[in-house]
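Hi,

Here is the structure I said I'd pass on. Have a look, and then read on for what turned up.

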Amino acid sequence: MKKFDLLAATALTLFLAAPAYAQETPATGAAQQAATDDFQGANEIVVTATRRNETVQSVPIAITAIGPELLRNAGVDNIRDLEQLAPSLQSSTGQSSATGTTIYIRGITTGGDNPGFEPAVGVFIDGVFRARAGVAISELPELERVEVLRGPQGTLFGRNTSAGALSIYTAQPQFDLGGYVEGTYGNYNAYGVKGAITGPVGKSLALRLDAGYRKRDGFIQDANSDRAINDINRWNVRGQALLDTGDITFRLIGDYYETDEQCCGTVSVVRGPFAQIINGIATAQGRTGIYTGAPSDRVQGMSPNRDYAERVRDWGFSGELNWDLGGAKLTSITAYRNWRATRNQDIDFSGIDRAYRDGYRTQLQDFTQELRFQGSAFGGVLDWLVGGFYLNETNKLRDTVRLGNDGNLFVDSVFNALAGPSFGGRVQFYGSLGPTVPTPGAVLLNPAVPNSLPALNAVYGAQLAPLVGCFRAQAGTAPSSLCVIPGFPSTPIPGLAALAASPLPAATPGQGNNNDDFRVKTDAFALFTHNIINVTDKLSLTLGARWNHERKALDASINNNTGSCRFFEQVRGGNAAANAYANVLRQLGIFNNLYLLSCNPAVNTEFNGNYTDSFSDDEITGTAKLAYKFSDRLLAYASFDHGYKSGGYNLDQATFDSVLLGGNGAQGSDLRFGAETNDAYEVGFKMSPSRAFSLNVAAFYMNFYGLQSLVFAGNNFVVQNVDKSISKGIEVESTIRPARDLTFQLGYSYISAKYDESNDFTGTPLQGQEGQQFNNQPEHTVTGAMTWEPRLSDSLKGLLHIDFRYNSEVDIPSSNPDPVTGRTAIRNEGYGLINGSIGLQTNDGKIRGEVFVENLTNTFYYITGFAVPEQTGNFNGYPGYPRFYGARVRFGF
């Protein structure tokens with residue numbers, strides 16, 4: 001906490017000192033006054049959070065606005081970079097940067113490597129809704145501004161904004177010829193080039209073209225080769241046309257974005273008994289299974305024949321019409337987007353070839369139409385807005401989880417290590433350990449052990465001997481009198497002896513999903529109104545409401561050919577010998593684990609078939625805000641918002657429940673999860689005692705009902721709608737600009753985001769987490785940025801920029817909390833990230849050169865983590881970026 005205390009004290013000192021500083025530097029002449037007047041004051045950025053042009057300081061909403069200068073100085077290339085500048089904003093990337101990226105606001109997100117999950121934070125680029133966070137993290141062109149809207153924004157921004165919205169505005173075409181080209185080079189062989197050109201092609205038509213390419217080597221090394229993953233290789237192109245006739249403006253945008261990368265690698269953090277088993281298999285093949293060095297080495301053992309290839313193709317177009325009708329304004333935004341990703345993955349995260357994905361494909365096609373009318377009435381007393389929204393989305397997924405060359409060997413090695421000693425030595429089920437290693441059935445039927453209870457007691461022990469006697473009687477290798485367990489069947493069963501003494505049917509490499517195909521079609525409609533009533537010149541009341549209707553329809557085709565599921569198919573099908581053998585394995589406590597390893601829910605043939613399901617959601621959301629302007633420099637407000645996020649489908653066959661584990665079998669409705677809602681209360685004030693200083697404070701309390709949480713249920717992944725969760729806290733932001741060439745931006749957030757203590761998680765995967773802080777959500781976050789651009793001559797000025805973010809300690813998603821310490825297996829202690837740049841530029845900023853660094857102190861931290869599937873006790877983490885540095889040159893005209 002000492003680091004946090006120091007940062008907080010520094011920030012507080014600047015908060016308190018700024019007004020005094022502004023007063024101590026009065027203008028002494030006309031020239032100095034003019035210099036003071038020609039630069040933008042603190043937080044005077046114009047935003048459109050209410051679909052109206054207002055400054056940050058005049059809108060009664062908790063909003064962080066970031067202008068073009070700070071975005072450029074901070075080197076913001078994509079949404080993840082914004083975390084350094086907005087304390088309540090956080091992002092996380094798991095198994096895939098395309099499908100596993102999530103965005104948090106005030107501690108709330110919807111996580112999961114699955115496009116069936118929709119975000120709690122809506123992302124909008126030039127007014128167009130981006131359906132998933134992974135769709136929105138593409139390289140960004142030159143930006144006009146970014147607005148981070150905190151708290152539910154469903155009234156105006158619509159679906160899936162129950163936690164907030166991120167609204168990004170790109171630079172528009174200009175009616176003056178201009179443009180730029182920028183080149184970057186850095187460590188990890190990083191290089192990139194981007195640029196834009198804009199200008200008029202007539203009195204009322206202007207065009208703009210942006211393009212960029214970026215490449216960088218990976219920073220996670222393969223322990224078994226010279227490969228490195230988590231690299232960057234991407235390019236984009238974007239064209240715009242702006243028609244402006246005065247009363248009518250029309251902006252047409254078309255863009256294309258492509259990546260061809262290797263993502264995302266992990267590091268081993270905590271290793272359990274399975275690590276030794278995996279390393280034993282790998283060592284026999286001359287490889288490293290699980291790297292046992294420090295996680296900060298950023299080294300992962302990978303299978304030589306598997307990779308983490310990830311290719312994204314994203315394109316779309318949009319048209320925005322604004323028409324001044326005199327007494328009202330019409331706005332229409334029409335958009336179509338087509339996003340698809342293809343992935344491979346070494347899903348055992350080790351140097352053995354247990355399982356992999358090959359050619360996993362997902363695609364989102366979205367058509368959206370928004371229509372708004374707005375104007376004023378009663379002499380400006382009423383500022384009204386009404387509108388409608390429509391979305392048609394097709395979400396397709398093809399999953400391809402398959403077993404590798406070591407699939408059977410892994411299962412046999414696990415049971416040989418864990419169960420072998422109970423059977424007097426080595427044991428296997430699938431024959432991969434060689435002909436000299438017996439099956440458990442062969443050990444129990446060993447003819448060298450006489451068919452008498454004393455002999456069985458001597459070899460198998462007094463507790464196990466009666467079961468062995470009955471099993472031998474059923475197999476027909478001993479008389480029925482040897483079975484002394486009351487009620488246990490002892491009639492000989494044909495084929496049981498041969499089944500038990502031989503290896504079970506095994507999997508062939510490449511078997512598994514061939515293929516699992518999912519499709520979800522969504523139709524969403526909404527009607528909304530948002531009205532500002534100016535009760536007096538100082539008092540205003542905002543009232544808004546939105547009717548939301550969504551219909552989702554699922555079609556799924558599950559096709560598995562997993563050979564190691566055949567024995568369990570026989571059990572489920574009623575085969576007498578298979579059921580007798582399975583019963584004995586249950587008595588031995590082996591059956592369930594054998595089933596889950598051999599016929600993992602992700603590749604289980606029991607779930608083969610075609611499934612359909614559909615549902616509809618209806619919800620009224622709304623907002624009520626009361627704002628009072630004490631003066632032109634002080635605004636106070638209080639608000640209530642009701643937010644909503646629709647239910648959906650978990651596109652993963654592992655969500656189905658198995659008959660053999662006590663379930664009722666696969667049904668389309670098993671994949672469905674319910675909607676979540678949010679009642680949010682907020683009070684705040686915005687203060688600007690001078691042009692040089694602004695201070696904004698917001699306190700919030702949000703009740704979430706039915707919060708969608710993806711959890712591992714022991715046998716499979718399920719979505720648990722949590723009855724009640726609470727996010728509450730306080731946010732402080734300040735912009736200090738004591739002079740035109742010096743700007744400070746500071747932020748602090750305290751966020752308590754927890755599952756409410758009233759929940760009863762007994763018997764669920766969240767057991768013990770009642771009242772606990774959400775994983776990966778720091779209670780305290782401090783951000784800051786300083787930019788100094790001192791004038792060095794009549795044509796040249798310097799550049800010094802520093803930004804930082806401090807996160808307090810957090811538990812990383814991995815294990816359930818320890819009952820004593822309350823901590824998970826992976827944890828980040830409090831840490832800070834510092835970025836900076838220094839350089840020279842012309843006074844108009846068109847030509848500049850700088851050197852930059854990201855993560856100056858090379859701090860090691862985890863972005864997120866997880867319990868490795870099928871490897872009890874093994875926990876892996878996704879490491880954050882190491883230190884990046886380089887140089888950047890920009891030429892503009």
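Searching the whole structure turns up 15 cavities of 30 Å³ or more. A cavity here is a set of points on a 1 Å grid over the protein atoms alone where a 1.4 Å probe fits but cannot get out; grid points are joined across faces, edges and corners, and a volume is the space filled by probe spheres set on the points.

Before the details: this is a predicted model, with local features needing pLDDT of at least 70 and side-chain atom pairs pLDDT 80 or more, while totals for chains, interfaces and linings use all residues. Residues are numbered from 1 along each chain as its sequence is written, and side-chain values use heavy atoms, leaving out hydrogens and water.

The largest cavity comes to about 210 Å³. Its lining has 21 residues (an atom within 4 Å of a point), and Thr 64, Leu 85, Glu 733, Thr 735 and Gln 745 sit nearest the centre. Strand E3 (63-66) is among the elements giving two or more residues, and E3 gives the most, with four. Strands are DSSP runs of at least two residues, helices (H or I) of at least four, numbered from the N terminus.

Then there's a helix pair: the axes of H10 (465-475) and H13 (576-587) come within 11 Å and cross at roughly 175°. Axes are lines fitted to C-alpha atoms, for helices over the stretch in contact (heavy atoms within 4.5 Å), and angles run from 0 to 180 degrees between N-to-C directions. The two are therefore roughly antiparallel (over 145 degrees). Leu 467, Phe 471 and Gln 474 of H10 meet Ala 580, Tyr 581, Val 584 and Gln 587 of H13.

Cheers

Conventions
Parallel < 35°, antiparallel > 145°, perpendicular 65-115°, else oblique. 1 Å grid on protein atoms, 1.4 Å probe; cavity = no way out; pocket = protein on both sides within 12 Å on 5 of 7 lines; lining within 4 Å.
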